[in-house]
Amino acid sequence: MKILLLEYITAGGLNGLPLPASLLREGTLMRDALLQDFSMLDDVEIVTTYDTRVSFPAQSQEAIGMAKAANPIKIWQEMLQSCDLALVIAPETDGVLTELTQMLEASAVRNLGCNQHAVGIASSKYATYHVLKNANILTIPTYTLNEWLTSNFESAVSFNDGYVLKPDDGAGCDDTFYFSDKVALQAWLNFHPDKQAGYIIQPYQVGIPASISILCKAGKAWVLACNQQMIKLQASNTQTAKLSQDYAIHYNGCLVNGVNKYHAAFAKLADSVVEALSGLNGYVGIDVIVDGAAIYVVEINPRITTSYIGLHESLNCNPAQLMLDLIDNPSFKLPVNLAAKTIDINLN
């Protein structure tokens, strides 16, 4: 069985462009964790590509270096012709994950990830909000900037704890900001009129930031890990910071299975999310905030997430084997003896 494994940043997706240090570190760790896990399986051959500026993917059976002038999509399409399965990890930003999912669906391979419909919805925080709201799943009110600027939502929604501004198609906490009051938010908007079209506004939700690592298929979910996210508010260096409180929100890593006490509640929520958004498949991450008995869904990540890095050690079980078991076993169940050891994934 030959599998094309592509982690977008390390595989040459930014061929000819600068490599962001934080994304490169995170992408390399995810790639190497997946390669390690798949390399332990019998009758599995992993092929991939790599940006020649990054470390060589030593545990793959075949790796093609992506030279500066190469066309990544063309190379990947050619490689797919000799593969049975494919797994793509890419940011939702600018439709990258959607485009690569379309590439897989246009080929003869079986996609280990989510389908184009699910990726398209989950790539938009605004669209995700409406899917969750329509399914009566607790989530954070989300507005486009144009909606917020032209309507009075503050009479119905509390922004007492502050405002969060983020790209609608952002990945992780990239370009995500917290503002303590409306004055600071408006000042930022005045300084960045070019960014307003693609951003959304949410009230800041207090609580424990967490994520749920799941396997899912045909509307059913299996929880692998309940993770605590390490989120930090850091005073930004923007001009608006001089006018009022203006913080950039940073993701510094997670404790895999660090909040396993919420397993039962997370499992119930994961089933609801997977049922609400058709096409979620394979490994998916669900970001949540726990505020007492309330669990708010923040977003859905239709791909491998950072938590995967520590998953094998946490579970004492190979998650790559579980992903392969899932695709062919109509009566799939998780092993009964899975561990839930807390593993610290520090991205600093």
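This is a predicted model: local features need pLDDT of at least 70, side-chain atom pairs count only at pLDDT 80 or more; totals for chains, interfaces and linings use all residues.
Local features require pLDDT of at least 70 and side-chain atom pairs count only at pLDDT 80 or more, whereas totals for chains, interfaces and linings use all residues. Residues are numbered from 1 along each chain as its sequence is written, and side-chain values use heavy atoms, with hydrogens and water left out.

Side chains of opposite charge can pair when their charged atoms come close. A salt bridge was taken as a side-chain nitrogen of Lys or Arg within 4 Å of a carboxyl oxygen of Asp or Glu. Asp 51 is buried, at 2% relative accessible area. Arg 53 is partly exposed, at 44%.

A salt bridge also pairs Lys 125 with Glu 299; their closest N and O atoms are 3.7 Å apart. Lys 125 belongs to helix α5 (residues 125-134) and Glu 299 to strand β14 (residues 294-301), so the pair ties together parts that are 174 residues apart in sequence. Here helices (H or I, at least four residues) and strands (E, at least two) are DSSP runs, numbered from the N terminus. Lys 125 and Glu 299 are both buried.

Glu 313 and Lys 341 form a salt bridge as well, at 3.7 Å from N to O. This pair links distant parts of the chain, 28 residues apart. Glu 313 sits in helix α9 (residues 311-315), and Lys 341 in the loop between α10 (319-328) and β15 (343-346). Glu 313 is partly exposed, with a relative accessible area of 49%. Lys 341 is also partly exposed, at 48%.

Helix packing was examined next. Axes are lines fitted to C-alpha atoms, for helices over the stretch in contact, and angles run from 0 to 180 degrees between N-to-C directions. Angles under 35 degrees count as roughly parallel, over 145 as roughly antiparallel, 65 to 115 as roughly perpendicular, and the rest as oblique. The axes of α2 (residues 72-80) and α3 (residues 96-105) come within 10 Å and cross at roughly 30 degrees. The two helices, α2 and α3, are therefore roughly parallel. Ile 73, Trp 76, Gln 77 and Leu 80 of α2 contact Glu 99, Leu 100, Met 103 and Leu 104 of α3 (contact means heavy atoms within 4.5 Å).

Helix α3 is mostly covered, with seven of its 10 residues buried. Among them are Val 96, Leu 97 and Thr 98. The buried residues of α3 pack against β1 (2-7), α2, β4 (85-89), β5 (110-111) and α4 (116-122).

Helix α1 (residues 21-39) contains Thr 28. Thr 28 is buried, at 16% relative accessibility. Residues up to four places away in sequence aside, Thr 28 touches Thr 10 and Ser 55. The axes of α1 and α10 come within 8 Å and cross at roughly 70 degrees. Helices α1 and α10 are therefore roughly perpendicular. Leu 34, Asp 37 and Phe 38 of α1 meet Pro 319, Ala 320, Met 323 and Leu 324 of α10.

Definitions and conventions. Buried means under 20% relative accessible area, exposed over 50%, partly exposed in between (1.4 Å probe, protein chains only).
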